[in-house]
Amino acid sequence: MEGGAGRGLECQKTMDGKASNGNGSEKAIPSCCLKARASAPEAEAKCHSTVVSGWFSESQSRSEKASKKVYFNNPMWPGEAHSLKVEKILYKGKSEFQEILVFESSTYGKVLVLDGIIQLSEKDECAYQEMIAHLPLCSIPSPKTVLVVGGGDGGVLREVSRHPSVEHIDICEIDKMVVDVSKKFFPQLSVGFQDPRVHLHIGDATEFLRHAPKGKYDAVIVDSSDPVGPAQELVEKPFFETIARALRPGGVLCNMAESMWLHTHLIQDMISVCRETFKGSVNYAWASVPTYPSGVIGFLLCSTEGPPVDFKNPVNSIEKLEGALKHKRELRFYNSEMHSAAFALPPFLRREVSALCHSSTSTLPR
Ligand code: JA2
């Protein structure tokens with residue numbers, strides 16, 4: 001997202017609607033805000049069900065024919081909706097698996113939406129992709145073989161390939177159309193596919209993992225969409241079992257694990273399934289991602305029995321890896337401090353997960 005880098009940063013509005021340059025002195029409204037204000041996207045906006053009068057709202061887009069209330073009726077986050085102002089719809093299509101929408105937003109750059117749910121925006125994708133890749137890969141010494149499940153946009157591949165020790169990266173994405181759309185609209189993410197270590201497999205990840213040699217991977221990263229639609233199986237026990245089988249002893253899994261504000265029970269369920277399945281450590285981390293519901297996303301980290309893994313204190317720090325800070329593009333969100341900080345939990349969540357997470361290597365209290 002070089003073109004959109006820092007988009008919005010130079011354009012912060014104060015609560016009273018006046019523009020501010022960040023040092024307290026008020027200025028005329030900057031041109032980017034005027035442009036956003038003047039845009040009249042309604043004409044294009046009408047052509048997609050999730051866009052209401054120029055605002056995209058996360059919704060259950062499958063119920064297109066139902067009344068307007070579907071916009072506030074996503075089963076993953078009932079009673080709330082998240083909106084972004086639309087400048088222009090760039091693409092809409094339907095694959096064998098889902099609806100795909102790409103639009104230019106007023107303040108977050110281009111946005112990829114699958115089945116009415118935001119998957120990434122150019123402005124904040126760095127937080128999600130950097131964390132989901134480096135939390136596991138910096139927790140083990142010298143990772144060599146990595147599997148990415150989902151992640152068809154390529155952003156996680158871009159991050160995995162920062163690690164000079166990595167020799168082989170498999171990616172199993174169910175929907176080829178996501179890959180094609182990313183190559184067309186998100187070159188800063190799909191650049192990840194250009195690395196010669198990357199091997200793309202289009203298909204069902206549960207099937208792929210069943211055929212993977214036992215103990216093949218040092219790390220598995222599950223970059224899935226929410227568990228409604230094609231990703232439903234990816235939070236269930238049989239899936240975790242196939243991952244544990246495909247990991248070497250002391251290998252690590254990092255799984256997208258929803259919002260601590262909205263999905264505490266889902267997180268608890270995932271942790272208890274993972275405690276049963278992974279005999280090493282299990283831990284939970286989170287990061288701020290403004291375009292995801294409630295503005296945060298969680299990561300569930302697990303290791304198999306073998307060399308112990310202390311997720312909170314990275315042994316393979318990114319700052320020490322040759323060329324890693326600048327590979328393809330600079331790191332924007334992740335560093336070793338952010339890594340350890342991501343495991344700090346507010347009391348309400350700590351109470352819920354600490355009993356489930358404890359193990360000899362976990363840093364959470366029993
Ligand atoms: N974004 C993706 C993906 C899989 C393929 C393409 C893009 C994500 N997984 C993360 C989605 C997190 C959604 C949170 N509500």
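Trainee: Over residues 1-27, how many contacts beyond four places in sequence does the model have?

Mentor: This is a predicted model, in which local features need pLDDT of at least 70, side-chain atom pairs count only at pLDDT 80 or more, and totals for chains, interfaces and linings use all residues. Residues are numbered from 1 along each chain as its sequence is written, and side-chain values use heavy atoms, with hydrogens and water left out. Over residues 1-27 pLDDT (the predictor's confidence in each residue, from 0 to 100) stays under 50. Counting contacts as heavy atoms within 4.5 Å, the model has for this stretch, beyond four places in sequence, 38.

Trainee: What pLDDT does the protein average?

Mentor: Residues 61-72 also stay under 50. Across the protein, 80% of the residues score at least 70. The average is 83.

Trainee: Which side chain has a polar atom 2.8 Å from a nitrogen atom of the ligand?

Mentor: A polar contact is a pair of N or O atoms within 3.5 Å. For Q119, a polar side-chain atom lies 3.2 Å from a ligand nitrogen, and for D226 an N or O atom of the side chain is 2.9 Å from one. The 2.8 Å separation belongs to D223.

Trainee: What percentage of the ligand's exposed area does the protein bury?

Mentor: Accessible areas come from the Shrake-Rupley method with a 1.4 Å probe. Taken alone, the ligand exposes 400 Å². Of that, the protein buries 98%.

Technical notes
A polar contact is a pair of N or O atoms within 3.5 Å; within protein, one must be able to donate a hydrogen and the other to accept it, and residues adjacent in sequence count only if both atoms are side-chain atoms.
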